[in-house]
Each structure stands twice: as C-alpha cells, then as structure tokens.
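These are my notebook entries on one structure, set down in the order in which I looked things up. The sequence and the model come before the entries.

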Amino acid sequence: MPGMIWVERGAALFDDNGSEIACSYCHGTGENQIDISISAAHHPKLNSRTGSVQTLQSQILTCQLDHQENNSARFDDEDTLALTAYVSHLAKGQPLTVDLS
C-alpha cells in the first residue's frame with residue numbers, strides 16, 4: 001500500500017526525529033506517558049485555550065513547536081504529514097468521538 005510509506009516514516013520519526021525530545025518521550029508506553037493510540041479518533045476538537053478548532057495535524061505541529069522546540073516544523077511539511085499519517089493509523093478501527101461543543 002503506497003500510503004504505508006508515510007505511516008512507516010511517521011513511526012520512525014515518532015521514535016527519533018533528530019531532536020532531544022522525540023514524540024515517544026511523552027507519548028510512548030511508559031507509566032506517566034500520554035496514550036495517543038486513539039488520539040486521531042478525537043480530532044478535530046475545540047482547543048479550549050484558543051477557542052479554535054484543532055485538527056490532529058495542527059495538534060502535532062503544536063507539539064513540534066512548543067514541546068520539541070522544532071522551529072522548522074510547518075503544517076504541510078513532510079515530517080508533520082508523516083507523523084499525522086502514523087498517529088491516524090494507530091487509531092484505525094476506533095470509533096470517532098468528535099465534540100466541537
């Protein structure tokens with residue numbers, strides 16, 4: 001499947017994105033980590049801090065910019081798209097629970 005190339009790239013970036021803080025640092029499988037396996041099923045969602053709708057891709061970009069201090073990350077760059085494909089793939093089969101209220 002051609003789309004799996006992006007999922008595989010996203011999986012690799014999730015564990016090693018070239019920064020000191022990879023996605024797996026906060027979102028791995030450890031006791032105090034945030035489970036993202038169903039994250040895609042909860043997007044889009046309303047960002048209570050900004051009052052705007054946040055897509056999965058914009059959430060990933062926020063993490064890249066704010067937590068990884070990756071100032072070169074962009075909404076439509078290949079790394080952000082690959083991470084979005086990977087996180088979306090993790091939620092495959094999960095029921096959607098989008099709430100924009």
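Predicted model: local features only at pLDDT ≥ 70, side-chain atom pairs only at ≥ 80, totals over all residues.

Entry 1. I began with Thr 55, which I found in the loop between β2 and α3. Which residues does Thr 55 touch, not counting those up to four places away in sequence? I listed His 43, Pro 44 and Phe 75. For His 43 I also looked up the C-alpha separation from Thr 55, which is 5.5 Å, although the two are twelve residues apart along the chain. Thr 55 has 34% relative accessibility and therefore counts as partly exposed.

Entry 2. His 43 and Pro 44 are joined by a cis peptide bond, with omega about 0 degrees. I placed Pro 44 in the loop between α2 (23-27) and β1 (45-46).

Entry 3. Which residues of α3 are buried? I recorded Leu 56, Gln 57, Ser 58, Ile 60, Leu 61 and Gln 64. Among the elements that cover these buried residues I noted β2 (53-54) and α4.

Entry 4. I then looked up how α3 and α4 are placed against each other. Two packed helices are described by the angle between their axes and the distance between the axes. For helix α3 (residues 56-66) and helix α4 (residues 78-90), the axes come within 9 Å and cross at roughly 120 degrees. The pair is therefore oblique. I noted the crossing of α3 and α4 as right-handed.

Entry 5. I listed the residues at this contact. From α3 I have Leu 56, Gln 57, Ile 60, Leu 61 and Gln 64. They meet Thr 80, Leu 81, Leu 83, Thr 84, Val 87 and Ser 88 of α4. Sorted by class, the residues of the contact of α3 with α4 are six nonpolar, five polar and no charged.

Entry 6. I repeated the look-up for α1 and α4. The axes of helix α1 (residues 4-15) and α4 come within 7 Å, and they cross at roughly 100 degrees. That angle is why I describe α1 as roughly perpendicular to α4. On the α1 side the contact is made by Met 4, Trp 6, Val 7, Arg 9, Gly 10, Ala 11, Leu 13 and Phe 14. On the α4 side I recorded Glu 78, Asp 79, Ala 82, Leu 83, Ala 85, Tyr 86 and His 89. The contact of α1 with α4 has ten nonpolar, two polar and three charged residues.

Entry 7. I asked myself how many salt bridges the structure holds. I found two salt bridges. Side chains of opposite charge can pair when their charged atoms come close. Arg 9 forms a salt bridge with Glu 78, and the closest N and O atoms are 3.0 Å apart. Because Arg 9 lies in helix α1 and Glu 78 in helix α4, this pair ties together parts that are 69 residues apart in sequence.

Entry 8. Asp 79 also meets Arg 9 in a salt bridge, at 2.7 Å from N to O. Asp 79 lies in helix α4 and Arg 9 in helix α1, so this pair ties together parts 70 residues apart in sequence. I recorded that Arg 9, Glu 78 and Asp 79 are linked in a network of salt bridges.

Entry 9. Glu 78, at 45% relative accessibility, is partly exposed. Asp 79 is partly exposed, with a relative accessible area of 30%.

Entry 10. I looked up Glu 69, which lies in the loop between α3 and α4. The phi of Glu 69 is near 55 degrees, a positive value in a residue other than glycine. Glu 69 has a relative accessible area of 62% and is therefore exposed.

Entry 11. At 43% relative accessibility, Gly 3 counts as partly exposed. From Gly 3 to Thr 84 I noted 12 Å, C-alpha to C-alpha, for two residues 81 apart in sequence.

Terms used: Residues numbered from 1 in each chain as written. Heavy atoms only, no water. Axes fitted to C-alpha atoms, helices over the stretch in contact; angles between N-to-C directions. Helix = DSSP H or I, 4+ residues; strand = E, 2+ residues; numbered from the N terminus. Parallel < 35°, antiparallel > 145°, perpendicular 65-115°, else oblique. Left-handed = near helix turned anticlockwise from the far one by under 90°. Contact = heavy atoms within 4.5 Å. Nonpolar A, V, L, I, M, F, W, Y, C, P; charged D, E, K, R; others polar. Salt bridge = Lys/Arg side-chain N within 4 Å of Asp/Glu carboxyl O. Buried < 20%, exposed > 50% of the residue type's maximum accessible area, 1.4 Å probe, protein only.
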